[in-house]
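Here is a short tour for anyone meeting this structure for the first time. Keep the sequence and the 3D view open side by side as you read.

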Amino acid sequence: MADPADRAPADLRPGVLLDVDGTLLDTNYLHVLAWWRALRDAGVEGVDMATVHRAIGIASEGLVERVVGSGGLDQPPGGGGGDVDDDLVERASDGHSAHYEELREHVTAFPGVADLLHALAGKGLAVVLATSGAAEDLDWMQPAIGAEDAVAGATTSGDVEDAKPAPDLLSTAVEQHGLDPDRTTAVGDTVWDVESAKAAGLPCIALTCGGISREELEQAGAALVLTSPRELLERLDDPAVTAVLLRG
């Protein structure tokens, strides 16, 4: 696939890269519960849900290392845990998947999500889902999100080697879908989304609906912090939003 840098500017589209968990779907606390149960099942004691919550949004191995690795229980966002046993990572990851499957019936989209995707597409933006989930998760994620006719495509964890906060997911999404990096914005809900966007050279609109505070998201470098997809929808024509979302 051609690199965007090798294409004529006219060939590249403006776009918006949307995280899914905690941004479009109200799933973060379901993931927290699933991980908390899985870690207990794997024999990890003393992990509280708040610590798990602050690690949601990074890949399984990184999450387990951050939460239970050397010093991991005390690591703030941006810190790093130590190495943990591969068997523990596998058992915890498998346990998370099993517990989350039991909780998936409770997954709902945040209010206004489908209308937001249609409105973004109506602004001439290529709407791309950029999720750390697996490709097969799109089979249930997209119907839960709605507005499938507004979505131009998706990039998942299977398309990259390194997960957030590495830039790979977003950079790959830009390349895969022929987006202009100078006119593409990321939307997410965690400090990992913000850090990933910064590393990819993209501004990030961060939403607090995933449970991370405005202060933390601003300190991570978010270009703009809003409360929810509905607020983003309602403020699409605000100068503060258009300056970030409709660059150039």
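## A negative patch and its main helix

Helix 4, which covers residues 86–103, gives the most to the negative patch, with 3 residues. Before going further, a word on what you are looking at: this is a predicted model, in which local features need pLDDT of at least 70, side-chain atom pairs count only at pLDDT 80 or more, and totals for chains, interfaces and linings use all residues. Residues are numbered from 1 along each chain as its sequence is written, and side-chain values use heavy atoms, with hydrogens and water left out. Helices (H or I, at least four residues) and strands (E, at least two) are DSSP runs, numbered from the N terminus.

Which residues gather in the patch of negative charge on the surface? They are E61, D85, D86, E90 and D94. To belong to a patch, a residue needs over 30% relative accessible area and no salt bridge, with like charges joined within 9 Å and nonpolar side chains (Val, Leu, Ile, Met, Phe, Trp, Tyr) within 5 Å. Asp and Glu count as negative and Lys and Arg as positive, while His and the chain ends are not counted. The place of a charge is taken as NZ of Lys, CZ of Arg, CG of Asp or CD of Glu. The areas themselves come from the Shrake-Rupley method with a 1.4 Å probe, and for residues only the protein chains shown count as cover.

Take E90, which lies in helix 4. E90 has 49% relative accessibility, so it counts as partly exposed.

## Salt bridges

Side chains of opposite charge can pair when their charged atoms come close. Here, a salt bridge is a side-chain nitrogen of Lys or Arg within 4 Å of a carboxyl oxygen of Asp or Glu. How many salt bridges does a search of the whole structure find? It finds 10. Some of them are set out below.

| Salt bridge | N to O distance |
|---|---|
| D87 and R91 | 2.8 Å |
| E231 and R235 | 3.1 Å |
| R235 and D238 | 2.8 Å |

The pair of D87 and R91 sits in helix 4, and because these residues are 4 apart there, about one helical turn separates them. D87 is partly exposed at 39% relative accessibility, and R91 is partly exposed at 39%.

R235 takes part in a salt bridge with E231 and in another with D238. Are these residues buried or partly exposed? E231 is buried, because its relative accessible area is 19%. R235 is partly exposed at 24%, and D238 is partly exposed at 28%.

There is also a network of salt bridges linking D19, K164 and D193.

P165 has its place in the loop between strand 3 (151–155) and helix 7 (168–176).

S196 belongs to helix 8 (residues 191–199) and is buried, at 0% relative accessibility.

V191 lies in helix 8 too. With 6% relative accessibility, V191 counts as buried. From V191 to I212 the C-alpha distance is 7.8 Å, although they are 21 residues apart in sequence.

## A few more stops

A147 is found in the loop between helix 6 (138–145) and strand 3. Its phi is near 55 degrees, a positive value in a residue other than glycine. A147 is buried, with a relative accessible area of 11%.

V44 is in the loop between helix 1 (28–41) and helix 2 (49–53), and is buried at 12%.

Finally, look at R66 in helix 3 (residues 60–68). R66 counts as buried at 13% relative accessibility.

Conventions
Buried < 20%, exposed > 50% of the residue type's maximum accessible area, 1.4 Å probe, protein only.
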